[in-house]
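Welcome, and thank you for opening the viewer. Please keep the selection tool at hand and follow along one stop at a time.

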Amino acid sequence: MRPEALVFQVGAFVLAPVLLGVINRTKAAFAGRTGAPLLQPYYDIWKLLQKGAVYSSTTTWVFRAGPIVGLAAVIVAVLLTPIGKVGAAVAFPGDLVAFAGLLGLMRFFTIVAAMDTGSSFEGMGASREAMISAIAEPALFLGLLVLVLVSGSLSLTGMMGSIVVATWLRTTGAVLALAAATIFLVLLAENARIPVDDPNTHLELTMVHEVMVLDHGGPDFGYITYAAALKLWVFSALIVGILLPVQTGSVLADGGLFLAGMLVVAIVVGVIESSMARLRMLHVPHLLTAAGGLGALAVALALVAG
Amino acid sequence: METTAIALVLLPALAGALAFAMPTERPQRWLMLATAAAHLALVGASIANPPAPAPNDWLHADSLGLLFLGITSTLFFVAAVYAVGYLQREVRAPRPDFVEGVLFSNQPERVFVGCMLLFLAAMSLVTVSQHMGVLWVAIEATTLASAPLIYFHRHHRSLEATWKYLLLCSVGIAVALLGTFFLAIAASGVRGEGAPLLLSDLIAGGAGLHVVWLKAAFLLLLVGYGTKMGLAPFHSWLPDAHSESPSLVSALMSGALLNCAFLGILRAYQVVAAAGEAPFARELLIGFGLLSMAVAAVFIIGQSDYKRMLAYSSVEHMGILSLGVGIGGAATFGAMFHALNHSLTKGLLFLVAGNALAAYRTTSVRGVRGMLRLLPVSGPLWTAGFLAITGMPPFGSFLSEFTILQATFAQGHPLIAVAFLVLLAVIFIGMAAVFLRMVMGEPWTQPVVAHKESVLAVAPPALLALTALLLGLYLPPAVDNTLQAATGLLGGVR
Amino acid sequence: MLPLLVALGLPVVGGALAVALGRFPRAATAAGVLSAVAGCALGLVSIGDTLATGTVIALRLPWRVPYGEFSVAVDSLSAVFLLVIFGVSLLAAVYGARYLLAYRQHKSLGAPWFFFNLLVSSMALLVMARNGMLFLVTWEIMAISSFFLVTFEHEKADVRNAGWTYLVAAHVGTAFLLVFFAVLGSQTGSLDFDRFALRPLAPALASALFLLAVVGFGTKAGFVPLHVWLPEAHPAAPSHVSALMSGVMLKTGIYGILRTLTFLGPPPAWWGFLLIGIGLTSGVFGVLFALAQHDLKRLLAYHSVENIGIIALGMGIGVWGMSQGQTTVAILGFAGAILHVVNHAVFKALLFLGAGSVLHATGERKMDRLGGLLKKMPVTGGTFLIAAAAISGVPPLNGFVSEFLIIMGSLSSATGNGIATAAPLLVVVGLGLIGGLAVACFTKAFGVVFLGSPRTEHTVHAHESPASMLLPMLILAGLCVFIGVGAPLAVGLVLPAAAQIAGADSQSVMSNVATLTSTVQHIAGVAAGVLALVALLALVRWLLLAQRTVTTAVTWDCGYERPAPCMQYTSSSFAQPLVEIFSRLLGPRRHLERPTGYFPHSASLHTETPDIFLNQGYRPLFEWVNLASISLRWLQNGRVHLYLLYIFVTLVLLLIWQLGLRGGV
Amino acid sequence: MSPVIDLLLILVLLLALAALASSKIARCVRIVAAQGIVLGVLFIVSRLGDVTLHLVAVAAAMIALKGLVIPWLLFRSMREAGVQREVEPYIGFQLSVVLGALAVGVAFVLSELLPLPEATSSQLVVPVSLATLFIGLLLLVSRKKAVTQVLGYIVLENGIFVFGLALARELPTLIEMGVLLDIFVGVFVMGITIYQINREFDHIDANKLQELNDMNRRRHRIPHVRDADR
């Protein structure tokens with residue numbers, strides 16, 4: 001791969017936490033507060049890495065392995081995710097399957113680590129996470145499938161590369177829009193954002209993702225926070241890749257456009273978070289099924305069009 | 001006339017008479033055993049080098065006869081061995097019977113042994129007779145010789161069974177007699193020297209037979225001998241007789257007697273086929289075969305008495321035999337082979353049933369549990385018998401049933417084949433429920449102490465099980481040739 | 001070929017010896033285990049050549065039974081299955097030695113070992129058989145021997161019922177195979193497999209035969225709705241037997257279908273769609289039912305149904321590819337299916353051995369009565385975790401590789417086939433759903449059993465199993481990782497078999513192999529990367545925490561005074577949301593005791609999910625047959641007059657019908 | 001000679017019907033015995049052309065057995081069994097006779113379908129024998145008591161023997177003797193059985209002999225099984 005792309009890859013790892021900051025600032029703005037500084041996530045992570053740790057006597061090494069495996073998985077996922085038209089560090093036919101698989105790995109260990117504490121709260125969070133992601137998975141696959149059909153390529157980089165303005169002007173435009181919507185809903189679900197989950201509630205009974213990591217502290221929690229940022233990054237990157245057809249010649253320009261796009265996505269998430277309330281747990285599946293429905297519709301259209 | 005054939009009949013007959021004459025008991029058992037052994041030896045010899053057919057022999061063991069003769073003789077020998085132990089076990093004095101607890105006593109042993117031997121003589125006569133008249137006489141004789149055997153335990157249930165057996169079979173055989181007369185009429189055109197009912201003449205002059213009379217004759221013989229053979233709907237005597245008679249008698253009736261009756265039908269079929277009317281006979285055989293299997297299935301499902309279940313299974317297998325011959329072609333071979341397998345297996349099952357009866361003192365399925373624990377030898381044998389009778393490999397019955405199935409497809413009767421399979425499956429399920437309930441679990445009697453089983457009680461069935469197993473893995477040339485030749489006589493091919 | 005025959009014979013002889021030594025448990029065990037191990041080892045050695053170079057070993061001997069010929073051969077397809085059979089059997093035998101000895105007080109160990117070895121040999125002979133008669137006989141011997149293993153503890157009523165269900169299912173399945181071979185035989189005039197391949201069949205007949213094969217073999221493999229025997233039989237059997245049955249024996253059904261495909265000629269597309277449909281139903285139903293179970297071994301059994309579904313998806317893709325002449329798709333599909341056969345054998349065997357280890361230690365199968373075992377049984381727990389992750393199809397483990405191949409197959413069918421590719425694409429989505437649910441299912445299984453704190457007394461006093469039981473589990477766990485990281489090797493192993501079924505010519509195979517291996521290398525790379533990163537991050541964490549205070553405290557419990565084990569999430573509660581969503585399909589039964597009053601004493605929620613196919617499909621049918629037969633009992637009412645009447649009426653009717661209506665002349 | 005034969009044949013048939021109609025066992029036995037004797041005579045008459053020794057022998061044996069021995073046997077066993085003298089039918093006598101007539105009709109129809117290939121002594125042989133056969137079966141089916149069933153069996157046999165006349169070339173002596181012997185022993189054994197039945201049951205009523213069936217599960221006394229387990 002080209003060195004400048006490598007620069008952007010490194011950039012991804014550096015910039016990921018900013019997205020969290022942006023979202024919080026947006027919400028603060030809507031709430032009429034100044035809100036935490038943009039770089040707050042960095043401070044948090046740094047602080048956590050400095051701390052010692054307190055472990056529940058119930059837990060075993062699984063509890064400690066959870067954050068590590070989760071972070072490792074998502075890092076590899078980032079390497080597979082194309083930076084817009086610049087492309088990804090690693091690209092091969094079928095990498096989208098690996099992408100999904102890695103997220104699965106992360107989820108698996110987060111859940112198991114949560115159950116290791118033996119607390120009913122973490123158990124509850126784990127159960128809900130399992131339920132939500134189980135239904136989100138097919139939706140994600142449908143979204144990716146649309147890209148395969150539209151682009152005819154089996155690698156994420158290839159897909160994103162093949163999406164140009166012309167693609168949007170043809171019937172495939174609608175298809176892409178649907179796919180983007182699907183993946184965006186999956187993003188909300190997978191990253192524990194409103195309306196699926198509320199990242200900064202403090203009532204355990206209502207939480208999904210946060211309650212799973214109640215017992216983690218210190219470096220472990222630092223890993224988790226950073227992993228969360230990266231996860232948000234990869235999903236946003238997918239969406240930007242779909243929605244951003246322009247390809248200027250220069251890598252820098254492409255990269256810049258991409259980053260701008262990421263900013264927009266973060267703000268949109270923020271807007272949604274501040275403009276609507278969290279759904280009842282019972283309705284979350286409906287939302288995700290709806291996402292799946294969108295995806296299926298998109299696939300059907302793509303098959304007819306393609 | 002043929003000397004071996006005569007010897008085969010006379011030997012047991014005289015021995016039987018002798019047994020009746022004998023005052024003391026113990027020697028009789030050994031007499032029976034010795035006679036059985038000699039008989040078996042004779043049969044073995046004539047199977048090894050089959051006697052050449054002489055013209056208008058009344059008595060001659062052709063390959064078909066030899067097959068059934070072999071089955072009969074083998075089974076009788078095994079039963080005789082078993083009988084030695086059995087008669088020792090039997091209590092002489094009047095004793096309470098286990099169903100209602102009324103007192104009863106046994107028949108005198110010489111009557112038992114004598115009738116056993118006469119029974120053997122009669123059955124041998126059936127297998128060697130080449131004359132339809134003699135055949136009839138012989139089959140009727142089997143009925144008369146076996147009736148007292150059923151009534152060995154003299155209580156009213158066995159008496160009832162005997163009565164039904166006598167009446168139904170006599171009526172059936174009478175119908176068969178009319179059939180034989182019809183055959184004579186049909187054959188009145190045939191100018192064979194000697195009596196008009198000689199099988200060889202009938203077959204030779206097949207073209208000259210009067211079709212209508214021939215058909216009528218076949219119908220009557222089918223109904224008549226079918227009653228004895230236990231084809232539905234003439235089977236009604238079978239469950240009663242088999243459940244009430246001593247187990248080794250049941251074994252002989254199921255394994256040997258039914259086959260002899262079947263031989264009667266086969267002889268008639270030979271004549272009909274010679275007259276070129278085989279299709280007419282075949283569809284009847286197929287029909288009664290399937291009907292028998294269906295009826296058996298109805299009564300095997302949820303059967304509460306294991307000896308009755310075995311009896312119904314005999315009805316089923318007689319149905320399979322008749323079906324096989326009806327299908328023709330390779331199925332005929334399958335049927336002949338199946339007759340052999342069924343006899344061995346059913347003998348095994350009835351002998352083991354005897355052991356179970358002795359151990360649990362009930363024929364009720366509900367009353368028998370944990371045979372594997374309580375009877376370390378009979379339990380496994382019972383299980384093996386179940387697998388064998390339901391046509392599971394590696395037992396021979398699987399080969400024969402599959403042969404029949406494949407031939408049914410090859411002959412272009414897919415529907416019949418499917419019906420055949422469905423019935424087999426239903427029966428398997430019904431039997432599985434009964435057998436598993438008996439062999440598994442904890443015995444009712446606590447604490448469990450495994451019985452010491454006498455060699456004489458387990459060796460005979462074990463021998464039969466072994467043979468049935470071997471036939472599934474390897475078909476000895478001698479047996480194969482006999483089967484082939486028998487199949488050839490019935491116009492089938494392997 | 002000779003060494004292979006020895007490898008088949010040895011276990012049987014050893015088993016017979018074990019029966020003879022029945023009185024002395026240890027001697028019997030030794031005879032059984034050693035012969036099995038020796039046989040399997042010899043077998044593994046002697047198939048190596050075929051696996052490496054694809055050379056076919058064949059042998060024909062006369063066999064004196066109707067239609068019979070002792071014709072055996074080992075080609076690539078057989079070799080892969082033999083690898084699985086011998087490998088897993090070997091480990092299961094080693095494991096079973098100590099496991100069964102626990103029963104030596106009140107059971108003879110001779111018969112179990114005899115049937116175990118017989119099962120091993122029959123499975124091996126089955127995949128070598130090239131003659132229908134030999135195949136059928138071996139098939140039934142396999143069924144019978146496994147039946148006796150299932151009913152090992154026949155004192156228990158539920159074991160007896162399970163045995164009956166299994167026997168009946170096996171028999172009915174075989175009935176279809178009997179028809180299958182009978183028809184093929186009557187078509188080609190012999191039961192020789194090579195002869196089958198030569199004779200081209202009419203399309204309609206071929207389709208009929210295919211359907212027969214799918215039902216017959218599918219019953220053994222456990223396709224929904226033919227799976228009902230599976231969740232009964234596998235929990236009933238001793239664990240090393242469950243491992244063998246679930247890991248290996250089910251696959252003989254798969255082998256049967258694959259072998260069938262080689263002699264039915266070019267398939268129409270709808271065969272592929274059928275298999276895909278079966279795969280999706282089996283996969284989804286299997287995992288959902290698994291999710292709803294509370295008995296560990298039952299959960300695993302249902303999960304086998306799910307994996308069989310995945311294999312069926314692979315085969316469906318393969319058949320579809322064949323029908324479209326897309327060799328690449330076909331090879332990908334079949335390769336995925338076969339590799340998943342291998343993978344499932346590895347991790348499902350491991351899972352059952354783990355469950356057995358837990359059972360051995362606690363005597364408990366109900367998950368809600370277990371918990372916190374990881375501390376007591378580190379090796380069992382660790383290997384179980386690896387297997388759980390692997391079966392959920394996540395990298396860097398083996399489950400992911402095979403699912404990857406299958407998805408690749410369906411995706412590469414997608415390029416430019418218009419609406420026709422809708423069915424293959426369903427596979428992708430289906431696998432997505434199945435994967436997500438599998439994660440839920442196995443986080444539940446592992447979490448509830450091994451994590452948290454013990455829920456019952458005897459769980460507290462659990463102990464780790466002896467080394468002879470742990471070693472096989474460690475080896476299997478190692479294989480899970482190895483196949484994941486060394487994916488190219490594994491794929492290379494199954495590729496020839498896949499090509500053989502796809503009927504691809506060598507040169508197109510070569511091209512596919514090239515592209516495929518390059519892709520799979522990337523997968524291996526990803527796996528390696530993950531592992532490396534894990535190591536790195538672990539190191540970093542260790543460095544960070546090295547010179548800081550690390551203390552332990554009670555789990556954060558929102559200020560409760562005394563957190564008790566009973567407060568933990570149970571398997572029921574963990575699965576509840578998903579079971580709720582799919583309750584239409586599952587029909588779970590709930591027993592809910594709501595808390596009442598201000599100071600409620602007791603409240604409880606218990607859910608159970610019986611098999612709807614069994615309760616609403618088969619049971620009513622059997623009931624009906626039973627009632628029908630009872631309603632005909634009057635035919636035998638004991639009156640001799642009635643019996644005579646039967647004879648009378650039949651006689652007259654026959655005479656009138658045959659002579660009168662038929663007009664005899 | 002034919003008219004005499006026809007006369008005798010019709011007599012046989014009438015006797016059969018009479019047996020069907022008679023309500024007293026004793027009379028029934030006598031009727032059947034008479035039928036046996038008529039049969040013997042018929043046997044001689046039908047073969048007047050060539051009276052051989054064996055013919056006479058068979059006829060004599062037949063008369064002796066059917067006319068004398070068997071009836072005596074039956075009377076004896078009845079006496080010992082103390083059988084009541086009523087026949088006890090399932091279906092009333094009138095109806096029986098009607099059915100018997102019906103059977104005769106069927107027999108004649110069937111005999112139309114079965115033309116004798118060679119001219120025999122009489123054309124009535126086939127229908128009469130079939131009719132007698134059917135009537136015998138009717139007796140067997142419709143009469144409760146064991147004795148009457150034996151009678152039915154004998155009537156049936158007689159029917160078959162009537163048919164024996166139709167055989168142009170007679171069966172060999174050996175066969176016919178064997179047949180006769182079998183019949184005799186059969187009846188003899190039946191007699192014994194009846195005697196035994198009387199010992200076991202209070203009176204000879206085949207109707208009572210229906211304990212062995214599959215209708216209601218027979219109650220087994222099962223040792224060691226507690227009722228809770230059943």
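In which loop is C:P200 found? Select the loop between α7 (193-198) and α8 (203-221) of chain C, and there you will find C:P200. Before going on, please keep in mind that this is a predicted model.

**Stop 1: a proline in a loop**

Stay with C:P200 for a moment. Is C:P200 buried or exposed? It has 10 C-beta neighbours inside 10 Å, and a residue with 12 or fewer is called exposed, so C:P200 counts as exposed. C:T188 and C:P200 are twelve residues apart in sequence, and from C-alpha to C-alpha they are 9.4 Å apart in space.

**Stop 2: a serine in another loop**

Next, pick C:S631, which sits in the loop between α24 (612-630) and α25 (640-661) of chain C. C:S631 has 9 other C-beta atoms within 10 Å and is therefore exposed. Along the chain, C:P62 and C:S631 are 569 residues apart, and 50 Å separates their C-alpha atoms.

**Stop 3: two helices of chain C**

Now show helix α3 (residues 76-101) and helix α20 (residues 487-502) of chain C. A pair of packed helices is described by the angle between their axes and the distance between the axes. Here the axes come within 8 Å and cross at roughly 135 degrees. The two helices, α3(C) and α20(C), are therefore oblique to each other. The crossing in which α3(C) passes α20(C) is left-handed.

Which residues of α3(C) meet α20(C)? Highlight C:S76, C:L77 and C:V80 on α3(C). On α20(C), their partners are C:L493, C:V494, C:P496, C:A497, C:Q500 and C:I501. Colour this contact of α3(C) with α20(C) by class and you get seven nonpolar and two polar residues, with no charged ones.

**Stop 4: where chains A and C meet**

Zoom out to see the chains together. Which chains share the most contacts? Of the four pairs of chains in contact, the answer is chains A and C. On this interface, 65 residues of chain A are in contact with 68 residues of chain C. To see the chain A side, select β1 (53-56), α3 (61-80), α4 (95-116), α5 (120-151), α10 (218-243) and α12 (284-305) of chain A, the elements that each give two or more residues to it. Among them, α5(A) brings the largest share, 19 residues. Sorted by class, the side of chain A that touches chain C has 43 nonpolar, 16 polar and six charged residues.

To see a facing pair, click A:S56, which stands opposite C:A553 in β3(C).

Chain A does not touch every other chain. No contact joins chain A to chain B, and their closest C-alpha atoms lie 41 Å apart. Chain A and chain D have no contact either, with 44 Å between their closest C-alpha atoms.

**Stop 5: where chains B and C meet**

Move on to chain B. Its contact with chain C takes 44 residues from chain B and 44 residues from chain C. On chain B, select α6 (156-186), α8 (211-229), α11 (278-300), α16 (396-410) and α17 (414-439), each of which supplies at least two residues of the side that touches chain C. The most comes from α17(B), with eight residues. By class, this side of chain B divides into 34 nonpolar, seven polar and three charged residues.

The axes of α6(B) and α8(B) come within 7 Å and cross at roughly 160 degrees. That makes α6(B) roughly antiparallel to α8(B). The contact includes B:G172, B:A176 and B:F182 of α6(B), and B:W213, B:L220 and B:Y225 of α8(B). Its residues divide into 18 nonpolar, four polar and one charged. As α6(B) passes α8(B), the crossing is left-handed.

**Stop 6: chain D**

How many helices does chain D have? Count seven helices and zero strands. Of its 230 residues, 48% count as buried. Among contacts in chain D between residues at least 6 apart in sequence, 77% join residues at least 24 apart.

Note on methods
Residues numbered from 1 in each chain as written. Chains lettered and ligands numbered in written order. Predicted model: local features only at pLDDT ≥ 70, side-chain atom pairs only at ≥ 80, totals over all residues. Contact = placed C-beta atoms within 7 Å. Helix = DSSP H or I, 4+ residues; strand = E, 2+ residues; numbered from the N terminus. Nonpolar A, V, L, I, M, F, W, Y, C, P; charged D, E, K, R; others polar. Pairing = 2+ DSSP bridges. Buried ≥ 20, exposed ≤ 12 C-beta atoms within 10 Å, placed from the backbone. Axes fitted to C-alpha atoms, helices over the stretch in contact; angles between N-to-C directions. Parallel < 35°, antiparallel > 145°, perpendicular 65-115°, else oblique. Left-handed = near helix turned anticlockwise from the far one by under 90°.
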